[in-house]
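User: I'd like to go through this structure with you, a bit at a time. Can you take my questions as they come?

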Amino acid sequence: MTGADIGGFADDVTEELLIRWHQLGAWYPFCRNHNSKDSIDQDPASFPDAFDRIKTAIEIRYELLSYWYTHFVLSNNSGRPIFRATIHNFPNDQNILKDNEFDEHFTQFMIGDSILIAPVVIEGATSTKVYLPTETKWFKHFQNSYTIVGNGIQDVNVPLDELPYFVKAGTVLFKQKSGQTTTDRVMEPIHIEILPNEDHKANGYILLEPGEPELTEHGQLYVSFDYDSIEISYYGLSTSEETEKKLNYETISVEGIKRRYYSY
C-alpha cells in the first residue's frame, strides 16, 4: 500500500496543483490529503473554486471501491502490488522494454490488472502523453462515458475538470454510487460495465466482503460476456436465497448500450 501526501507535506500548494494532485491521489492505494502545520490549509473546502473538481476525483475512486477491495484482498494473498508499473502487467511489451527512459517519458501507472492512469503533474498543462500497450485495445473513460481509443502512444486532452482513465478491453467493471460512508455504498445497486475485446468477450469478478451483506466468507460476483450472452454467477456465498437477493444489480452496459434490470 502506498500513497504520497496529497497536496504535498511542506510549503504551500496552488489551487491548480491541488486539483491535479487529488486527481492523481484518488488513485493511490493509500489516499490522504496531509500537510504540515506551517503550510496553508489545503483541504478541499479551503479552495472553494476547486472543490467540485476534487469531489469528482474522489467520487470516481469510491464508485470503484469494490475493484479496490478485490485487489487489496488479492494483493494480501499473492504479494502482487495494487499500484503497478505498466510493464508489470505487460512484461513482454517490447516498446516498454526498449525505452530505457520510459518512466521519464510517461507518468502513467496501472491499478490492478485493468485500469491505467496517466496524470498531469505540471502546472498549466492541459494534455499528456500515454502509452497504451499494443497487445489489446483500450477504452477511455471520461465524464461517465467510454470511447474506444487506439493503442501505442496517444496525446490525451486532460482538462482541469476531470482526469480520464483507461480500461483494458475484455474487462468487466462493477460500480456503485458513492455514499457518505462505505456502508452506504455497499447497499447501493451494482452497475455492471462490460468492455469487450476484439473477440467480443469480457469477464471479471469482484470479491464481496464478509458481513456485507450477511456473508460469512468472501463471496464472488462473476460476469462472463460473449457477444450476445451474459452470464452472471455468485460463488462462495452463504447459500441463502435472501443473500442473493441483496446482491442486486441495476444496469448492465455493453459499449454504451444499456439494458434495464430490476432489482430483486
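Predicted model: local features only at pLDDT ≥ 70, side-chain atom pairs only at ≥ 80, totals over all residues.

User: Is Arg84 buried or exposed, and why?

Analyst: Arg84 counts as buried because its relative accessibility is 5%, and the cut-off for buried is under 20%.

User: What does the side chain of Arg84 reach?

Analyst: The side chain of Arg84 reaches the backbone oxygen of Gly112 at 3.3 Å, and a polar contact of 2.7 Å joins the side chain of Arg84 to that of Asp113.

User: Setting aside neighbours within four places in sequence, which residues is Arg84 in contact with?

Analyst: With those neighbours left aside, Arg84 is in contact with His71, Asn89, Phe109, Met110, Gly112 and Asp113.

User: OK, on to the rings. How many aromatic pairs are there?

Analyst: The count comes to 9 aromatic pairs. One of them is formed by Trp27 and Trp68, whose ring centres are 6.4 Å apart and whose planes are at 35 degrees, so the pair is tilted.

User: Where in the chain are Trp27 and Trp68?

Analyst: Trp27 is in the loop between α1 and α2, whereas Trp68 is in helix α3 (residues 65-78), so that the pair links distant parts of the chain, 41 residues apart. Trp27 and Trp68 are both buried.

User: What about Phe90 and Trp138?

Analyst: Phe90 and Trp138 also form a tilted aromatic pair, with 5.9 Å from centre to centre and 50 degrees between the planes. This pair links distant parts of the chain too, with Phe90 in the loop between α4 (86-89) and α5 (94-97) and Trp138 in strand β5 (residues 138-142), 48 residues apart. Both Phe90 and Trp138 are buried.

User: Back to Trp68: which cluster do ring pairs link it into, and what sits over its ring?

Analyst: Ring pairs link Trp68 into a cluster with Trp27 and Tyr165, and the charged end of Arg61 sits over the ring of Trp68, 4.5 Å from its centre.

Key:
Residues numbered from 1 in each chain as written. Heavy atoms only, no water. Buried < 20%, exposed > 50% of the residue type's maximum accessible area, 1.4 Å probe, protein only. Polar contact = N/O pair within 3.5 Å; in protein donor to acceptor, adjacent residues only side chain to side chain. Contact = heavy atoms within 4.5 Å. Phe/Tyr/Trp six-rings, centres within 6.5 Å; stacked < 30°, edge-to-face > 60°. Helix = DSSP H or I, 4+ residues; strand = E, 2+ residues; numbered from the N terminus. Lys NZ or Arg CZ within 6 Å of the ring centre and 35° of its normal.
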